[in-house]
Amino acid sequence: MKRSRINEIMAQADEFICSHGFALPPFAYWSPEEFKARKSDARHVIDARCGWDITDYGDGDYDRMGLFLFTLRNGLQSDLAKGGGMCYAEKLLISRRDQLSPMHTHVLKAEDIINRGGATLIVELFGSDDAGGFAEDRGGVVWLDGIRHRYQPGEKLRLAPGKSVTLRPGDWHAFWGEGGDVLIGEVSTINDDETDNIFREPIGRFAEVEEDVASTHLLVSDYSKWLG
């Protein structure tokens, strides 16, 4: 993805988030230079990879297959390992109309996916085989707004604003906006986007960035280069 396109998506996402009454934290608006100057104070934000995240899954067609994410808060794997401390995460996501977030599951993360506003969110579900792999012929159990629901393989949940689904490891899922753009909340176990996303197809989690202009704000995938 070109950096100019990433900057544009950031601006559009901020406007969409604000239109639904949400506000991003102050560090969201730091320039790369300010982030570098304040990296000591922002150590937890950096280590927990909080912040802007925009991906086309390496496919090169963000409008067709892609996702906007902003990690608002996240614990560390060390907390999860000891079973105490900050063992949770929270994100805001935006699924554009008919923009696919492809079929995947997680090994560790359980998550609530919440339609915070906009159009209808479609969540397509499949179960796992005995080894945890994608199973085209298996369903499973999720919780819709806290109520147990047994899903059939390939079932498409329709989440209107305010509705939610709780997914556990082994629930294979893909999602997209139907009829318009959707603001999504995600509340989960500690989030590890580098190792805990298992995709059905061999695709990448992060976009490759072409630096055609300067960054407005850093992506989480920029932290290692800019901040160490």
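## Exercises on a predicted model

The largest pocket is lined by 16 residues, and those that lie nearest its centre are Ala48, Arg49, Asn74, Asn191 and Asp192.

**Exercise 1.** Describe the largest pocket by its volume and by the classes of its lining residues.

*Solution.* Begin with the volume, which is about 190 Å³ for the largest pocket. Then sort the lining by class, which gives five nonpolar, five polar and six charged residues.

**Exercise 2.** Find how many cavities of 30 Å³ or more the structure holds, and describe the lining of the largest cavity.

*Solution.* The first step is the count, and the structure holds two cavities of 30 Å³ or more. By class, the lining of the largest cavity has seven nonpolar, five polar and six charged residues.

For the second largest cavity, the space is about 30 Å³, and the lining consists of Asp53, Ile54, Phe206, Ala207, Val209, Leu219 and Ser221. This lining divides into five nonpolar residues, one polar and one charged.

**Exercise 3.** Classify the aromatic pair of Phe27 and Phe35, and decide whether each of these residues is buried or exposed.

*Solution.* A search of the whole structure finds nine aromatic pairs. One of them joins Phe27 and Phe35, whose centres are 6.5 Å apart and whose planes lie 70° from each other; because an angle over 60 degrees counts as edge-to-face, this pair is edge-to-face. Next, compare the relative accessible areas with the cut-off: Phe27 has 13% and is therefore buried, since buried means under 20%, and Phe35, with 2%, is buried as well.

**Exercise 4.** Describe how strands β7 and β8 are joined, and say which residue of their hairpin takes a positive phi.

*Solution.* Start with the strands, β7 (residues 140-144) and β8 (residues 147-151), which run antiparallel and are joined by five bridges. Within this pairing, Val141 has Arg150 of β8 as its bridge partner. Finally, look at the two residues between the strands of the hairpin, where Asp145 takes a positive phi near 50°.

Notes. Residues are numbered from 1 along each chain as its sequence is written. This is a predicted model: local features need pLDDT of at least 70, side-chain atom pairs count only at pLDDT 80 or more; totals for chains, interfaces and linings use all residues. Side-chain values use heavy atoms; hydrogens and water are left out. Two strands pair if DSSP finds at least two bridges between them. Helices (H or I, at least four residues) and strands (E, at least two) are DSSP runs, numbered from the N terminus. Rings of Phe, Tyr and Trp (its six-membered ring) pair if their centres lie within 6.5 Å; planes under 30 degrees apart count as stacked, over 60 as edge-to-face and the rest as tilted. Buried means under 20% relative accessible area, exposed over 50%, partly exposed in between (1.4 Å probe, protein chains only). On a 1 Å grid over the protein atoms alone, a cavity is a set of points where a 1.4 Å probe fits but cannot get out, and a pocket is an open set with protein on both sides within 12 Å along at least five of seven lines; lining residues have an atom within 4 Å of a point. Grid points are joined across faces, edges and corners, and a volume is the space filled by probe spheres set on the points. Ala, Val, Leu, Ile, Met, Phe, Trp, Tyr, Cys and Pro count as nonpolar, Asp, Glu, Lys and Arg as charged, and the others, Gly among them, as polar.
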